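This briefing describes a predicted complex by topic. Please read the notes below alongside the model.

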Amino acid sequence: MTVKEPSAAPPGEGRPEGRRGASPRRRPVGRPGAGTLTAFIAPGLLLFLLFVLLPVAFAAYVAFFRWNGLGGPPTDFIGFDNFRNLLGDDVFMGDMWRLTLLVAMSIGIQLPIAFGLAMLLHQRFPGRTVFRLLFFVPYVLTEAVTAVLFGLIFSPRRGFADSMLQSIGVETQVGWLSDRSIVLFVIFGILTWKFFGFHMILYLAGRQNIPEELYEAAAIDGAGGAQMFRNITLPLMGPTVRITIFLSVIGTVQLFDLVFVLTGGGPFHASETLAITMYDQGFGRNQIGYASALSIAMFVISLVFALFYQRYVLKRDLQGSLTTAGGGRS
Amino acid sequence: MRQPLSRPRALAAAGAAAALALAAAGCGDSGESDADLVWWHIQNEDPMKSTWESMAEDWAEGSGLTTDVQAVEVEAFKERMGTSAQAGELPDLYNTWGGGVLAEQVEAGLVRDITDDVDCLDKVNPISLEAYTIDDRLYAVPFDQGVVGFWYNMDLFAEAGVEAPPATWDEFLDAVAALKDAGITPIALGAADQWPVHYYWTYLVMRTVGLDGLAEAAEAGDFSGDGFVQAGQMLADLAAMEPFQPGFESAGYGAVDGQAAHMGEGIAAMELMGQWGPEVQRQASGTDGPGGALGFFPFPEVTGGAGATAEFLGGGGGFAAGSEAPDEVVDFMCYLLEEENQAKAVADGNFSTVAADPDAVVTDPDQHIQLVTEAMAAATGTQLYLDQAYPPAIGSTINEASEGLVLGQLTAEEFVAMVDDAWAAEA
């Protein structure tokens with residue numbers, strides 16, 4: 001790694017003398033001209049405006065109308081009614097509750113499992129690479145394929161899961177996906193199966209970045225394994241843990257494909273997510289206005305969480321890597 | 001290491017990158033086509049897929065126009081239609097079930113009014129045009145028309161000692177109880193798909209308040225009458241007997257281990273389904289189905305109710321034309337309705353015929369389709385599936401509430417309140 005250089009200075013700033021010597025050859029290394037900067041930034045900015053900000057703005061606009069999406073622009077302005085209805089909608093409130101539950105289980109169960117496995121796989125033992133590879137494989141599958149796969153596993157009559165239970169003498173059929181009280185936990189299990197490998201790789205990378213000298217020094221000072229874990233590993237893994245929590249929460253807010261293909265959100269909303277409700281309202285019922293309000297709610301939830309999390313939790317981790325308005329660092 | 005690009009090269013690179021990105025964003029599979037006539041249908045399995053394709057080719061040869069026939073799986077089809085309609089552009093010819101969904105498209109000015117152009121309607125049974133007629137204007141031609149009723153396995157009924165198909169709801173409940181006692185799953189149901197459940201509620205409503213009562217309620221957007229609550233309660237009572245296969249809550253209609261597969265494998269004794277039932281039983285189970293043991297009986301009557309057994313819930317499939325379609329699309333519709341082509345479609349697609357003169361079209365009737373045809377011939381009234389007859393928001397609510405009711409998550413009163421709320425929001 002080379003030493004950091006102030007490469008991303010805004011155009012026009014910091015090189016007032018630059019223009020005099022007009023030749024590109026004499027420009028200092030790492031300081032592209034304003035034209036170059038514009039040329040590189042403009043396409044990305046344009047696409048971002050066109051395909052991200054504009055749709056968001058449009059959705060925010062449509063959210064104030066009752067609109068079925070057909071026949072020209074929306075005209076039936078209803079103010080905040082769509083948002084008010086959201087708060088009284090059992091399905092939406094249920095989605096929020098299920099989101100909270102999934103986030104809590106992800107942080108409380110899924111990430112610790114991934115963390116533990118990463119610590120194990122950091123040890124030296126034969127076949128270590130094979131295990132790392134195997135644990136990462138589920139993450140490579142697309143969510144739709146995963147859903148079809150587990151749909152077969154948990155199929156009520158001939159499913160693999162029930163057959164396994166029968167072979168060890170358990171005869172009762174478990175309604176893996178049909179019992180409203182357990183379907184969400186089954187889905188959480190599948191999510192864990194699919195994503196623990198991803199988090200594990202991040203943890204493994206984080207763990208490998210901790211210099212071994214620290215452990216050697218601690219060992220010389222007489223620290224035991226538990227002490228080293230508590231005082232070296234855990235604190236130094238902090239940035240990685242915080243970023244995985246962030247990714248996990250945002251991913252859970254947007255959860256759609258896997259659940260949609262596996263259960264469609266059923267039975268009777270028991271596994272429904274915000275994104276599925278939005279899809280159902282928008283494309284199943286042509287309630288584009290209401291669905292837009294829901295999508296804005298999702299957007300706000302993600303945005304508020306992201307801002308607060310970055311501001312308060314990731315603060316130290318992000319220092320130096322982001323341009324902040326206040327410019328806390330020099 | 002860090003060789004800065006010279007300005008011209010940098011600009012060229014940036015330009016190229018931008019052009020590529022924009023091109024990539026613009027391409028995608030937008031379903032755009034250069035053909036004169038784009039046709040979306042949902043018969044995505046052979047033989048019917050090839051049959052439509054070859055009909056389009058034959059017609060294209062004669063007319064000099066080019067055609068682009070796209071066979072789309074039904075759920076994917078609904079999605080594509082949804083987004084296309086919202087983009088304000090429908091295919092030149094597309095599958096429709098008529099009713100409220102079609103009406104919404106018509107209201108948005110996306111559908112071609114064919115009332116005055118199409119001159120071959122003498123070839124079809126007028127009943128089959130009802131679903132596509134909105135405010136006395138016709139928007140589609142039919143290719144399939146049938147009714148919903150109970151498909152039942154006569155062998156399993158005999159095994160449970162049920163002699164004759166039940167004629168009243170009480171007899172029906174007795175039959176369910178008898179089947180359960182005999183260790184047979186009385187009813188196959190794919191509750192996860194919701195619409196198979198809504199047939200039960202709709203039929204019970206048709207039997208309690210009658211077709212007129214249902215039409216009045218839809219007109220007023222008020223489903224809170226006694227008959228509606230009673231129908232919901234009857235369905236809830238049926239569900240309380242646990243007549244469905246284990247895991248029905250998460251079962252789909254045509255899925256592996258779903259409703260149709262349970263019938264096809266001879267595990268469940270009956271299902272409430274439309275004219276396509278036997279075909280899907282065979283496809284979903286990968287078997288030949290119950291074959292000759294499969295019978296059909298109309299939904300039983302409710303003692304004291306206003307409805308009659310000869311009133312059927314039903315519907316079919318038709319083809320509507322997008323408003324941008326070339327004028328020749330009407331010729332193609334008529335081409336499809338030529339008796340020779342109707343005969344081919346009925347034979348290859350296992351459709352229930354819409355022909356004005358069935359004998360001219362159906363030479364070698366499928367034994368099960370024949371049961372539907374006979375029921376239709378005796379019908380004194382029909383009602384289109386509610387999830388198609390009503391606007392999507394209300395149809396979906398009825399489907400959703402039907403699922404909630406059989407899962408014990410909603411009461412009959414909550415059911416009608418949900419439907420009324422949906423009507424109120426639509427008005």
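The centres of domain 1 and domain 2 of chain B, taken over C-alpha atoms, are 27 Å apart. Chain B is divided into domain 1 (37–145 + 315–374) and domain 2 (149–313 + 385–426), with bounds that come from an automatic or database domain assignment. This is a predicted model, in which local features need pLDDT of at least 70 and side-chain atom pairs count only at pLDDT 80 or more, while totals for chains, interfaces and linings use all residues. Residues are numbered from 1 along each chain as its sequence is written, and chains are lettered from A and ligands numbered from 1 in the order in which they are written.

**Domain contact in chain B**
- Contacts (C-beta atoms, placed from the backbone, within 7 Å) link 13 residues of domain 1 of chain B with 12 residues of domain 2 of chain B.
- On the side of domain 1 of chain B that touches domain 2 of chain B, the elements giving two or more residues are α4 and α15 (367–377) of chain B; helices are DSSP runs of H or I with at least four residues, numbered from the N terminus.
- That side of domain 1 of chain B comprises five nonpolar, seven polar and one charged residue; Ala, Val, Leu, Ile, Met, Phe, Trp, Tyr, Cys and Pro count as nonpolar, Asp, Glu, Lys and Arg as charged, and the others, Gly among them, as polar.

**Helix α4 of chain B**
- Helix α4 (residues 99–107) of chain B is largely enclosed by the rest of the structure, because seven of its nine residues are buried (20 or more other C-beta atoms within 10 Å of the residue's own, with C-beta atoms placed from the backbone).
- The buried residues of α4(B) include Val101(B), Leu102(B), Glu104(B) and Val106(B).

- Beyond four places in sequence, the contacts of Leu294(A) include Leu86(A), Phe92(A) and Met278(A).

**Confidence**
- The predictor gives the complex an ipTM of 0.81 and a pTM of 0.83.
- Chain B has a mean pLDDT (the predictor's confidence in each residue, from 0 to 100) of 88, and 92% of its residues reach 70 or more.
- Over residues 24–31 of chain B pLDDT stays under 50, and the model has three contacts beyond four places in sequence for them.
- Where pLDDT is low, the predicted coordinates should not be read in detail.

Note on methods. A residue is buried if 20 or more other C-beta atoms lie within 10 Å of its own, exposed if 12 or fewer, and partly exposed in between; C-beta atoms are placed from the backbone. Two residues are in contact if their C-beta atoms, placed from the backbone, lie within 7 Å.
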